[in-house]
Every structure is written in structure tokens, then in C-alpha cells.
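User: I am new to protein structures. Please take me through this one in short steps.

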Amino acid sequence: MNKQLIDEFCQLYQSLGKDNLDLLAQVYRQDIAFIDPIHQINGLDALTTYFNHLYQNMISCQFNIEYVIVDDKQASIIWTMHYQHSKINAGKSISVNGSSFLKYDEKIYYHRDYFDVGQMLYEQLPLLSSVITMVKKRAVA
């Protein structure tokens, strides 16, 4: 079982920022396939560039790891991300619930994140927020 790699992964994400993205190479293979609800990224260089872009206007980003399930070749991690972004929600803190599914051998070669893009982004934008609220109200009526 490769619990040490998953522990390193969790520690990394709890301290990750634009100034230490080089640490991604400690847990990811060069051929990492990274998928989230918005993007699909292939390769460590592309992933580092993607994260660099994400962190440019980030005021803070903290992952609280709530639950980890690990076996010999895969892991599932349940987390809550708390972030502040200078261009979203007037820089106020936003919480997003999500999970990551990882496949690995010596390092992680597949990482897929699951989260609600509305909770993370769309509901934080003034015009879209009111439309989403209206749609949700109609859906339960």
C-alpha cells in the first residue's frame, strides 16, 4: 500500500501556492492526466502552468482533508476547499466540497477532481448567481 505517497499528496495540497508549484513533481509523474469539471490537462508541465494561472489572483486557498480511502493502486480523498480570489465574491471566502480520485504506482499518474462548479464559481458571480437561484427555486417547486 502506498499510503506515504497519499499522505505527501494531502500535505502538498494543504500548503500549495504559486511559489511552490515545483513540489508537484514530488507526487505526480511527468505523464499525469489531470481532469476537473472545467479542464483536462495532460503532462506535469501543463499542469504546473494551469495551477500557476489558477493561483495568480488567489488570496488564499486551503484544503481540509476530511476522509481518505487508500489501497495499493488508487485512492479517494474527500475534501473541502476554502478559498479567496481577488476577482470573485469581492475577495470573500468561498467553501467548495469535493473529492479527488487518484491512480498511482510510484507516483500519481491519474487525478480526477469532482466538485460543483456552481458552488465554486457560477454562484459567486452577481449576474449568474441570481439566475442560478431562480432555476434552483423552480426545480424544487
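User: Is Trp79 buried or exposed, and what is its relative accessible area?

Analyst: This is a predicted model: local features need pLDDT of at least 70, side-chain atom pairs count only at pLDDT 80 or more, and totals for chains, interfaces and linings use all residues. Residues are numbered from 1 along each chain as its sequence is written, and side-chain values use heavy atoms, with hydrogens and water left out. Buried means under 20% relative accessible area, exposed over 50%, partly exposed in between (1.4 Å probe, protein chains only). Trp79 is buried, because its relative accessible area is 5%.

User: What kind of pair do the rings of Trp79 and Phe115 form?

Analyst: Phe115 is also buried, at 16% relative accessible area. Rings of Phe, Tyr and Trp (its six-membered ring) pair if their centres lie within 6.5 Å; planes under 30 degrees apart count as stacked, over 60 as edge-to-face and the rest as tilted. For Trp79 and Phe115 the centres are 6.3 Å apart and the planes stand at 55°, so the pair is tilted.

User: How many residues apart are Trp79 and Phe115?

Analyst: Strands (E, at least two residues) and helices (H or I, at least four) are DSSP runs, numbered from the N terminus. Trp79 lies in strand 4 (residues 74-85) and Phe115 in strand 6 (residues 108-115). The pair links distant parts of the chain, 36 residues apart.

User: Which residues form the aromatic cluster?

Analyst: A search of the whole structure finds ten aromatic pairs. One is Tyr50 with Phe51: their ring centres are 5.8 Å apart and their planes at 40°, so this pair is tilted too. Tyr50 is buried at 10% relative accessible area, and Phe51 at 5%. The cluster consists of Phe9, Tyr13, Tyr28, Phe34, Tyr50, Phe51, Phe63, Trp79 and Phe115.

User: Which residue is the bridge partner of Cys61 in strand 4?

Analyst: Two strands pair if DSSP finds at least two bridges between them. Strand 3 (residues 58-70) and strand 4 pair in the antiparallel sense over eleven bridges. They form a hairpin with three residues between them. In strand 4, the partner of Cys61 is Tyr83.

User: Which residue in strand 5 stands opposite Ala75?

Analyst: Strand 4 also pairs with strand 5 (residues 94-104), antiparallel, over ten bridges. Opposite Ala75 stands Leu102.

User: What is the pattern of helices and strands along the sequence?

Analyst: The protein chain has four helices and six strands. Read along the sequence, they follow α-β-β-α-β-β-β-β-α-α.
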